[in-house]
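Dear colleague,

Please find below the structure for your records. My findings follow it, with the cut-offs given as each term comes up.

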Amino acid sequence: MSRFPRGRQLLCAIPFALQACGGGGSTGPAPKPARLSNPDSTAAQLQSLTAPFETDAFLNFAALHQHFGPAGSALAATLSPIRAPAVTPSLAPGLMLTDATTRVWWRAPATSPVAAAIFRDTVRGKTFVWDTTAARYVTSTAAGAPANGVRFVLYTTQPPISEPSRPLTAMGYADLTDQSTSSAAVLGVAVLGGTGPTPVTYVSYTVARSAAPAPAWAVVGFVTDGATLLDLTSAVTATSTLLTVQTAVDDATDGTHVSETGTLSRTWKNSADFSLTSGAETVRATGGVQLDTTGHTWGSGSVAVTVNGQAFATITIAPAGPSYSGASGVELTSADEAALARLLIAWFNVFGAVTVLTDPAWVLRM
């Protein structure tokens, strides 16, 4: 709302009153250029935001979850993993735009009814292990799987290869449980790392699909690296041409809040409105990047960055990588550029991580 009363607004619309309203003459000192109050702190906050998505537990889960289909319905069990054009970490450290996004476009139109059980009766309570001969997960006699779900042993992997490295080295497991209600299909997922008696829970969340006309999923839970714990909620919707992800992340460790609305098109253009709020400062990035999934390099795009609503910088994306330029009157320091680099990485990692978290539901045809 304007700071002027209504009558004052009307007066200002009259030409001869412009000067009295501040429309003519001196307007006072020009506003100071936008600046990051502490660019090193901003970079550290953004790095903490991405760290939980870069643990061995999360990355191995991200590589192997596409093979979880045999635990699902008979239809899901017959589907082989869909290979999308690879988008590897060469685009940006930790970037995780995987074949999950292609899978939802292929499978979402045929998702199972909400009333259907997520897991086949014959596999509930079973532990799945990797069969190197068959190159897939198979049931085993190992104990410990949840009674209302299944367990998948996780192994070390070597990205971008989405199969366990040889020889097999177990490094944890993922427990998937059926927590469905009469109105929604709900998949519980917990990713634990370590093979000792007290493994560490790095990821714990649910994916819910309600009986909505359009494919839509809700993700709620947390991701941690042991030092930073991120509380995450996300809404994922899909059409035949666009995947939309709306996410809120709270970092209880340093009190920061992240909000992102991102989209990915079938032509692999990733657009987003991403903001980081810490105390009284909000850093916001909006724009779009066309990904080159053939050459595994940056494509092209532009991202506008503001600080508390003031123009701060532009990130220009080219195949050689990103470059940074200050807004009018802004001279970027090396610390500013380091913060902008972390901002771009966080943009991709939050969006990519949510697709990874949602993907087990897509793999199981939920």
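A nonpolar core is taken here as a set of buried Ala, Val, Leu, Ile, Met, Phe, Trp, Tyr and Cys residues joined through side-chain atoms within 4.5 Å. Buried means under 20% relative accessible area, exposed means over 50%, and partly exposed lies in between, with a 1.4 Å probe and protein chains only. Of the 84 residues in the largest such core, Leu176, Phe274, Val305 and Phe312 touch the most other members. Helix α6 supplies the largest share of this core, 16 residues.

Two remarks on the source are needed before the details. This is a predicted model, in which local features need pLDDT of at least 70 and side-chain atom pairs count only at pLDDT 80 or more, while totals for chains, interfaces and linings use all residues. Residues are numbered from 1 along each chain as its sequence is written, and side-chain values use heavy atoms, with hydrogens and water left out.

Overall composition

The protein has six helices and 15 strands; these are DSSP runs numbered from the N terminus, with helices being H or I of at least four residues and strands E of at least two. Of its 366 residues, 48% count as buried. The accessible surface comes to about 16,200 Å², and 57% of that belongs to carbon and sulfur atoms; accessible areas come from the Shrake-Rupley method with a 1.4 Å probe, and for residues only the protein chains shown count as cover. Among contacts (heavy atoms within 4.5 Å) with a separation of 6 or more, 51% join residues 24 or more positions apart.

Helix α6 and the segment after it

Helix α6 covers residues 334-363, 30 residues in total, and reaches 43 Å from its first C-alpha to its last, close to the 44 Å expected at 1.5 Å a residue. The expected span of a helix is 1.5 Å times one less than its number of residues. A kink of about 30 degrees lies at Leu357, shortly before the proline Pro360; the bend at a residue is the angle between axes fitted to the seven residues ending there and the seven starting there. Because 25 of its 30 residues are buried, α6 is largely enclosed by the rest of the structure. In the segment after α6, Arg365 has a positive phi of about 65 degrees although it is not a glycine. Arg365 counts as buried, at 6% relative accessibility.

An α-helix has 3.6 residues a turn, so residues three or four places apart point the same way.

Helix α3 (residues 56-64) is mostly covered, with seven of its nine residues buried. Those buried residues include Phe58, Phe61 and Leu64.

Individual residues

Leaving aside neighbours within four places in sequence, Phe274 is in contact with residues including Leu46, Leu49, Leu343, Ala346, Trp347 and Val350.

Val289 is found in strand β12 and is buried, with a relative accessible area of 0%. Val289 and Asn270 are 19 residues apart in sequence and 5.3 Å apart in space, C-alpha to C-alpha. Not counting residues up to four places away in sequence, Val289 also touches Trp268, Trp298, Ile317 and Phe348, among others.

Trp217, in strand β7 (residues 216-224), counts as buried at 3% relative accessibility. Trp217 and Thr358 are 141 residues apart in sequence, with their C-alpha atoms 7.6 Å apart in space.

Backbone geometry in two loops

The peptide bond from Arg166 to Pro167 is cis, with omega near -5 degrees, and Pro167 is found in the loop between β3 (149-155) and β4 (170-178). In the loop between β1 (127-131) and β2 (136-139) lies Ala135, whose phi near 55 degrees is a positive value in a residue other than glycine. Ala135 is partly exposed, with a relative accessible area of 29%.

Yours sincerely
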